[in-house]
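Hi,

Here is the structure I promised to pass on. Have a look at it first, and then read my notes below with the picture open beside you.

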Amino acid sequence: MRIKICGITQPDQGYAITQLGATMLGFICVRASPRYVTSEQISRILEILPNSIQTIGVFANVSVEEIYQTVTETGLTGVQLHGDESPDFCDRLRQILPNIELIKALRIKSPATLIQAQNYFNHIDSLLLDAYHPQQLGGTGQRLDWQILKPFSPPCSWFLAGGLTPDNIGEALQQLKPDGIDLSSSLERSPGDKDLAKVNQLFQTISAFFSELKTH
Ligand SMILES: O=C(O)c1ccccc1N[C@@H]1O[C@H](COP(=O)(O)O)[C@@H](O)[C@H]1O
């Protein structure tokens, strides 16, 4: 399973989180976020990461050109679109950046948003399902209604996000079978400052969950 830890702002924390088991790190390129990082900051963090780590820039409602500039300046391996980007926007981004992983985040307000997900299947690599919040785009710690996700089985890979914590991750994985998970605010002391003890607790719980699964 892919494990993405999002909202990395500090090189030492990013590196330590990869050593604890993260397969992907996320960098918030949304200026209004308290976790916002510039291209220079991202480049400094990427320099010290193992090559195997996927690095995802999180954008919302900006131009294809702005995303292109950030990706080419930094060497990010993927882009997460967290705003109201259309399937056509995804196609235009794919054309200009053919070799990056393209992840579309959907903020799930009701089961109807899951129907909307179908419009993206042919235009992206992965979907990411986050909780809906009326004022904030992401990093809210709001949990999704897992019940409505039970029948969700898209033809592309998908990430579960939204209010996942070291305490509820076991229950989430028992109920749902995502290809990946994405966590941010529950692993922080304050926005952008990750608490490595909490990150460690997360990986211990995930590892215990999969060991238990193997023995049954
Ligand atoms: O984290 C942010 O500040 C942020 C800002 C704008 C768009 C997305 C953002 N974060 C994304 O939010 C989800 C879930 O976060 P949490 O675990 O509920 O705190 C995650 O996908 C981040 O990429």
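**What I found**

Let's start with strand E2: five of its five residues are buried, so E2 is largely enclosed by the rest of the structure. Before we go on, keep in mind that this is a predicted model. The chain averages a pLDDT of 96, and 100% of the residues score at least 70. The model also comes with an ipTM of 0.98 and a pTM of 0.96.

**Neighbours of E2**

Strands of a sheet pair through backbone hydrogen bonds, and they can do so in a parallel or an antiparallel way. E2 pairs with E1 in the parallel sense, over three bridges. If you want to find one of these on screen, go to Ile5, whose bridge partner in E2 is Leu25. E2 also pairs with strand E3 (residues 54-59), again in the parallel sense, this time over five bridges. Here you can look up Ile28, which has Val58 as its bridge partner in E3.

E1, helix H1 (residues 11-20) and E2 make a right-handed β-α-β unit. E2, H2 and E3 make a right-handed β-α-β unit too.

**The barrel**

Now zoom out. How many strands close into the barrel, and in what order? There are eight, they go E1-E2-E3-E4-E5-E6-E7-E8, and the pairing is parallel. From one strand to the next, the twist averages 25°.

An α-helix has 3.6 residues a turn, so residues three or four places apart point the same way.

Thr113 is buried, with a relative accessible area of 11%. Leaving out residues up to four places away in sequence, Thr113 touches Leu106, Arg107 and Ile108.

**Salt bridges**

Side chains of opposite charge can pair when their charged atoms come close. I count a salt bridge when a side-chain nitrogen of Lys or Arg is within 4 Å of a carboxyl oxygen of Asp or Glu. By this rule the model has ten salt bridges. Here are some of them.

- Glu101 and Arg2: their closest N and O atoms are 2.6 Å apart. Glu101 lies in strand E5 (residues 101-108) and Arg2 in strand E1 (residues 2-6), so this pair ties together parts that are 99 residues apart in sequence. Glu101 is buried, at a relative accessible area of 11%.
- Arg31 and Glu66: this salt bridge is 3.2 Å, N to O. Arg31 is in the loop between strand E2 (24-28) and helix H2 (39-47), and Glu66 is in helix H3 (residues 64-74), so the parts tied together are 35 residues apart in sequence. Arg31 counts as exposed at 59% relative accessibility, while Glu66 is partly exposed at 24%.
- Glu85 and Lys104: here the side chains meet at 3.3 Å, N to O. Glu85 lies in the loop between strand E4 (78-81) and helix H4 (87-96) and Lys104 in strand E5, so the pair connects parts 19 residues apart in sequence. Is Glu85 buried or exposed? Glu85 counts as buried, at 4% relative accessibility, and Lys104 counts as buried as well, at 1%.

There is also a network of salt bridges, which links Arg35, Glu188 and Lys194.

How values were computed:
Residues are numbered from 1 along each chain as its sequence is written. This is a predicted model: local features need pLDDT of at least 70, side-chain atom pairs count only at pLDDT 80 or more; totals for chains, interfaces and linings use all residues. Side-chain values use heavy atoms; hydrogens and water are left out. Helices (H or I, at least four residues) and strands (E, at least two) are DSSP runs, numbered from the N terminus. Buried means under 20% relative accessible area, exposed over 50%, partly exposed in between (1.4 Å probe, protein chains only). Two strands pair if DSSP finds at least two bridges between them. A crossover is right-handed if, with the strands pointing away from the viewer, the path from the first strand over the helix to the second runs clockwise. pLDDT is the predictor's confidence in each residue, from 0 to 100. Axes are lines fitted to C-alpha atoms, for helices over the stretch in contact, and angles run from 0 to 180 degrees between N-to-C directions. Contact means heavy atoms within 4.5 Å.
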